[in-house]
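Subject: Structure handover

Hello,

Here is the structure you asked about. My notes on it follow below.

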Amino acid sequence: MVVYTKSMGLFGMNTFEVDVETDIAGGMAVFDIVGLPDASVKESRDRVRSAIRNSGFSFPLKKITVNLAPANVKKAGSVYDLPILVSILLSAGEINADLSDSAFIGELSLSGEVRAVNGVLPMTIQAMEKGFKRFFVPAENAAEGAVIKGIDIIPVSDIKTLAAQLNGKLPIIPAKADSIGRKPCVFDVDFSDVKGQYEAKRALEIAAGGGHNILLIGSPGSGKSMLAKRLPSILPDMTFEEMIETTKIHSIAGLLAPGSPVISHRPFRFPHHTVSAAGLAGGGSIPRPGEISLAHNGVLFLDELAEFKKNTLEILRQPLEDGKVTISRVNANLTYPCSVMLITAMNPCPCGYYGHPSRECTCSKKAISQYLSRVSGPLLDRIDIHIEVPPVEFNHLSSSENTETSKEIKKRVDRVRQIQNHRFRKTSISCNAKITPALLQKMCPMDDKAKNVIGNAFDKLGLSARAYDKVLKIARTIADFDESEIIGSQHILEAVQYRSLDRKYWR
Ligand SMILES: Nc1ncnc2c1ncn2[C@@H]1O[C@H](COP(=O)(O)OP(=O)(O)OP(=O)(O)O)[C@@H](O)[C@H]1O
Ligand SMILES: [Mg+2]
């Protein structure tokens, strides 16, 4: 007799329904799994067999064939352990239940406990959309799935209990949905810790306001890393959709901490400069999202930018532009979203003091240009705002004056985000930095003086077409801080300043 149970599969960000068909027939005792399983799925056989025996059931000594349909999609991972086991117990008569409205995922231990798996959130969304009423998931993952309304998430801790529940001997209690209320985020760092550095703070505020990428360049100890690490404290709150999108990626990567099933604050990822290309952009033998995708809807901070391997950085060019990264596999391509704000920091030369007002740089011209050339022109072009962080002046450092707190800055950032939400309400654009070329002129109206100024700057500074677009978008954000719909010449002038460092250092 053929018995069916339902499960969910995951490939990249794509989820799909899986039918687990089990046939137990007379004949030699064999246990086969077919339907394009990879090695990890084939290992299910041993786990399922041991789990059944060690939970007090007898394992049918017959010819067992399990087919995972659709057979043309590769199945990977250990999530099918549980549905395979349930279908065998159904077929063997150990479980008597109507499971047509239920789906199962979970990895088994040899003793019959159910272990956590990755990707429960996206699979729950798929199960809900497919009309399932109940989704049986490992108990550890239940809170993650319970975030989604419209489907009961049933936590499973071991198969003995599960069998008793399905046979009506124990009650089936769905996990309680955690309210996705935003827990107030407490940062242990604050912009008020940073003395002076008003220009750099202004630039970071503009970057946060419009979602612009930013490069901080300056000598050692000038406070670049310190400034960058305070960026999350002024970023706007996440929307519900953004939370779910970002949580999906962390769920797939298995990075959700127990007790916090939802990422409710913009991620801030700062990979070390020794990170591999696959670590940064995603990939690996078992493909997983890279740092740029884990930072989706948040910030990717690359400190010591020039120390990263050049080819690792170059991989970021396309994803930064497109907001998604595609990983090629032999039989399919995987795509992960990566809409991030990039913040980068670096010294201007190997010794760090090139351009320093009082200390002499000991590097040769060649060494300086070699150092700077590790950051390529095209990558630099994708960073909207370039800002020099000079050494902090002693009178600022020793002053006891109160500096502005992150909370005060965030208020202004929130206000300009409100303006943008209104501006982009009929589009899919999230912030000024993401304005599409087709909408640029419409969204960035300038007065005549501003048009003159940007025309002159374009001719004199030899801006690339991309740099021109970036100047306009930064000016858009600066004008939003002034609550001015029309971009004026003062907004363009400030925006052009943020594009002038590449000429000082890179030419
Ligand atoms: N403006 C400032 N106000 C208060 N403290 C500061 C300031 N700038 C630097 N500092 C102090 O100096 C330390 C070093 O700063 P930080 O690590 O940010 O420098 P950096 O520019 O990243 O240097 P490097 O180029 O070596 O990475 C900080 O931890 C902080 O204690
Ligand atoms: Mg630093």
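**Two packed helices**

Helix H4 (residues 120-129) packs against helix H9 (residues 240-252) at an angle of about 120°. Their axes are 7 Å apart. On the H4 side, the contact is made by Val120, Leu121 and Pro122. H9 brings Thr247, Lys248, Ser251 and Ile252. By class, this contact has 4 nonpolar, 2 polar and 1 charged residues.

Please keep in mind that this is a predicted model.

**The chain as a whole**

The chain has 507 residues, and 44% of them are buried. It holds 22 helices and 18 strands. The C-alpha atoms fill a box of roughly 85 × 45 × 45 Å along the principal axes. Take the contacts between residues at least 6 apart in sequence: 74% of them join residues at least 24 apart.

The chain is divided into domain 1 (2-166), domain 2 (191-431) and domain 3 (435-507). How far apart are the centres of domain 1 and domain 3? Over C-alpha atoms, 56 Å separate them.

The largest nonpolar core has 133 residues. Which of them touch the most other members? They are Leu85, Ile214 and Leu216. Helix H3 (residues 81-91) gives the most to this core, with 7 residues. In soluble globular proteins, nonpolar side chains tend to be buried together.

H3 is mostly covered, with 11 of its 11 residues buried. Leu85 is one of these buried residues. The list also includes Asp81, Ser87 and Ser91. Just after H3, glycine 93 takes a positive phi of about 80°.

Setting aside neighbours within four places in sequence, leucine 216 is in contact with Ala200, Lys224, Leu227, Ala228, Ala345, Ile387 and Val389.

**Around ligand 1**

Lys224 comes up again here. Ligand 1 is surrounded by 17 residues. The closest are Pro220, Gly223, Lys224, Ser225 and Met226. Which helix gives the largest share of this shell? Helix H8 (residues 224-229) does, with 3 residues. By class, the shell divides into 6 nonpolar, 9 polar and 2 charged residues.

**Backbone points to check by eye**

Most residues other than glycine have a negative phi, and most peptide bonds are trans.

- Proline 70 sits in the loop between strand E4 (63-69) and H3.
- Leucine 36 lies in the loop between strand E3 (30-34) and helix H1 (39-42). It has 15 other C-beta atoms within 10 Å, so leucine 36 is partly exposed.
- Is glutamine 197 buried or exposed? Glutamine 197 is buried, because 26 other C-beta atoms lie within 10 Å and the cut-off for buried is 20 or more.

**Two exposed residues**

Glutamate 483 is in the loop between helix H20 (465-481) and helix H21 (489-497). Why does glutamate 483 count as exposed? It has 9 other C-beta atoms within 10 Å, and a residue is exposed if that number is 12 or fewer. Glutamate 483 and serine 102 are 381 residues apart along the chain. Their C-alpha atoms are separated by 53 Å.

Alanine 438 is found in helix H18 (residues 437-443). With 8 C-beta neighbours inside 10 Å, alanine 438 counts as exposed. Alanine 438 and serine 369 are 69 residues apart in sequence. In space, C-alpha to C-alpha, they are 37 Å apart.

Best wishes

Notes
Residues are numbered from 1 along each chain as its sequence is written. Chains are lettered from A and ligands numbered from 1 in the order in which they are written. This is a predicted model: local features need pLDDT of at least 70, side-chain atom pairs count only at pLDDT 80 or more; totals for chains, interfaces and linings use all residues. A nonpolar core is a set of buried Ala, Val, Leu, Ile, Met, Phe, Trp, Tyr and Cys residues joined through C-beta atoms within 7 Å. Helices (H or I, at least four residues) and strands (E, at least two) are DSSP runs, numbered from the N terminus. Two residues are in contact if their C-beta atoms, placed from the backbone, lie within 7 Å. Domain bounds come from an automatic or database domain assignment. A residue is near a molecule or strand if its C-beta atom, placed from the backbone, lies within 6 Å of it. Ala, Val, Leu, Ile, Met, Phe, Trp, Tyr, Cys and Pro count as nonpolar, Asp, Glu, Lys and Arg as charged, and the others, Gly among them, as polar. Axes are lines fitted to C-alpha atoms, for helices over the stretch in contact, and angles run from 0 to 180 degrees between N-to-C directions.
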